Amino acid sequence: MSFQPPAALPRDLLDDASMQHALSTHDFGAVFRLARERAGISYSRIATECDIKPERVGTLARDQGRISSFGKIVQIADALRVPGHMVGLAPRPWEAESAPASQDWTGPDLHRRTVLQVATASGLAAALPALHHAAPPARITNSYVDRLRERTARLRRLDDILGGGDTYCVYLAEVQRTKAVLHRGSFAGEDARLRLTSLLAEQAQQAGWAAFDGGRGKEAASLYEESRTYAQEAGDADLYGNSLAFLAYGALAHDRRTAVTFARASCATITDRTPASVRALLYERLAWACAVDGQPAGTEAALASAQEALETAQDGEPQPDWSVWVDRTELGIMTGRCWTELRRPLRAVPALTDALGRYPDEYARDKSLYLSWLAEAYLTAGEVEEAAATTDRALDLATGVASIRPMQRIAPVLESLRPHGQLPAVRAVLDRAAP
C-alpha cells in the first residue's frame, strides 16, 4: 500500500460534486472547508501539510483570497492527494503507485461529456482535465519553444467548442507551467528566452479570455495586465497591442471612455509589419468600443480600417494563430453587432444574417451570442416575431455552454420581448425561458 499523508482526502470526498467543482475552479478555500466538514481534517493539519500559515487557511476558507501560484497548487495537490487532472495538472508521480491499471482519467460525468464533445466536434484527442506535459529539457532551445507554441495553438481550439468555465483551468495551468520554465530554466540563448516570454504573453491572453468568458472579471484583467508586461519584455508589438485590446474589451462594462482609450492605444501599435489579421482584429475591437460608447463616426472608420486590412492581405502572408480566425465572416458579425448597439437595424440585420448563414452551429457559444444581437436588431426594427424566433434559436445553442455571456446577452432581449407576450411566438419563447 502506498504512503498516504495525514491530510489525504478520502476517495468518497474526491468523488463528491462540490469538491470536484471546488478543485476544478481552484477554489481552495472551499476545498479546505469541505475537508474539515466532511473528512474531519483540521485547518491546522492542512496548514502544516500544505506549508500555509494557519491564519491564511482560515481566511481562504472564509472565501477571502485565492491561491493561483503554480508551485502552491502542486504542493496542495500532493499534500491532499488530489489527482493532477482534478486541478489541471499532469498526473502526479505518486498516482502511478496507487492507480489501477485501467485508470479513468476523464473524471466525473461532466468531464467525460466534455471530452466526447471535443473529440467528436473538433477531432481533439486530449482529455481536458488530464493534459500530458513532458518535463522541459536541460536547456531551453528555440525548437522547444516552437513545440510549446504548437501545443498552445492546439489547445486554443478548445475555445471554438467550449466555454471559459470548461477551459479556464487548462489555460491557466499552461501559463503557470510556462512561467515556471521561464523563471527556472536554463536557456540556449537570449532569443529562446525572449520567444518563451512572448509565448507566455500569448498564453496569458488566452487564459484571460477564458476567465472573462467564465465570469472571472478580476482574474481576466490581471492576466491581461500580466500579458502586457510579458509582451513588452519580449518586444512583441502585436501581442502588446492585443493585450491593450483585451483590456479595452474588459473595461467596457464599467468605463467606456477608458475602454476607447485602450482600444485606440492598441491600434497605435500597428505598423507596416503588422499582419493583416492582427490589424483587422485591433480595428474591430476599436469599432466595438466606439459603438458601445455611442460614437458612430469612430465605429464606421474603424470598421472600414478592419475591412481594408483583410482586403489588402498579401497571399501567403504568415498570420499568428491567435488572430487567424479574423476573416470576412467575423468582420460581418462585428459590423452587425456594432450597428445593433448603435440602433441602426437597417445596417445591422443584413450584416448579421449574411455572416450567421456561414457560421457553423458547432460554435454554439459564439453563435448564440451573435444571434442575440440579431434578435435585438429585429426588435429595434419592430420585427417582433422574427426577434422571438431568433431568441429561441439562441436559447437552443446556449443550453449547456460553460459560459455566462450568452445568457447575459439573452436575458435583456427576453425582457424587451415581454411587453409583446400576447403574440404566440413571443409567449412560447418566454415560457421556455421561465425558470
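# Briefing: pockets, helices and backbone

The lining of the second largest pocket comprises 12 nonpolar, four polar and seven charged residues. Here Ala, Val, Leu, Ile, Met, Phe, Trp, Tyr, Cys and Pro count as nonpolar, Asp, Glu, Lys and Arg as charged, and the others, Gly among them, as polar. The model is predicted: local features require pLDDT of at least 70 and side-chain atom pairs pLDDT 80 or more, whereas totals for chains, interfaces and linings use all residues. Residues are numbered from 1 along each chain as its sequence is written, and side-chain values use heavy atoms, with hydrogens and water left out.

**Overall architecture**

- The protein has 23 helices and two strands; these are DSSP runs numbered from the N terminus, with helices (H or I) of at least four residues and strands (E) of at least two.
- Buried residues account for 53% of the 435 residues in the protein, where buried means under 20% relative accessible area, exposed over 50% and partly exposed in between (1.4 Å probe, protein chains only).
- Of the contacts between residues at least 6 apart in sequence, 64% join residues at least 24 apart; a contact means heavy atoms within 4.5 Å.

**Second largest pocket**

- About 670 Å³ of space lies in the second largest pocket.
- Its lining has 23 residues, of which Trp288, Glu341, Trp373, Gln408 and Arg409 are closest to the centre.
- H14, H16, H18, H20 and helix H22 (405–417) each give two or more residues to this lining.
- With six residues, H22 gives the most to the lining of the second largest pocket.
- A pocket is found on a 1 Å grid over the protein atoms alone, as an open set of points where a 1.4 Å probe fits, with protein on both sides within 12 Å along at least five of seven lines; lining residues have an atom within 4 Å of a point.
- Grid points are joined across faces, edges and corners, and a volume is the space filled by probe spheres set on the points.

**Largest pocket**

- The largest pocket has a volume of about 820 Å³.
- It is lined by 33 residues, and Asp159, Asp160, Trp325, Glu330 and Asp366 lie nearest its centre.
- By class, the lining of the largest pocket holds 14 nonpolar, four polar and 15 charged residues.
- At least two lining residues come from each of helices H10 (158–161), H12 (190–213), H14 (237–251), H16 (276–292), H18 (328–341) and H20 (364–380).
- The largest share of this lining, five residues, is supplied by H20.

**Helix H14**

- H14 has 15 residues and reaches 21 Å from its first C-alpha to its last, close to the 21 Å expected at 1.5 Å a residue; the expected span is 1.5 Å times one less than the number of residues.
- Because 12 of its 15 residues are buried, H14 is largely enclosed by the rest of the structure.
- The buried residues of H14 include Asp238, Asn242, Phe246 and Tyr249, and their cover includes H12, helix H13 (217–234), helix H15 (256–267), H16 and H18.
- Asp236 caps the N-terminal end of H14, with a side-chain oxygen 3.3 Å from the backbone nitrogen of Asp238. This is within the limit for a polar contact, a pair of N or O atoms within 3.5 Å; within protein, one must be able to donate a hydrogen and the other to accept it, and residues adjacent in sequence count only if both atoms are side-chain atoms.

- Leu369 lies in helix H20 and is buried, with a relative accessible area of 3%.
- Leu369 and Pro406 are 37 residues apart in sequence but 5.0 Å apart in space, C-alpha to C-alpha.
- Leaving aside residues up to four places away in sequence, Leu369 touches Arg405, Pro406 and Arg409.
- Among the buried residues of H21 are Val384, Thr390, Thr391 and Leu395; H20, H22 and helix H23 (424–433) are included in what covers the buried residues of H21.
- Gly400, with a positive phi near 85 degrees, follows H21.

- Most residues other than glycine have a negative phi.
- His26 has a positive phi of about 60 degrees; it lies in the loop between helix H2 (17–24) and helix H3 (28–39) and is buried, at 4% relative accessible area.
- Arg343 also has a positive phi of about 60 degrees; it lies in the loop between H18 and helix H19 (345–356) and is exposed, at 56% relative accessible area.
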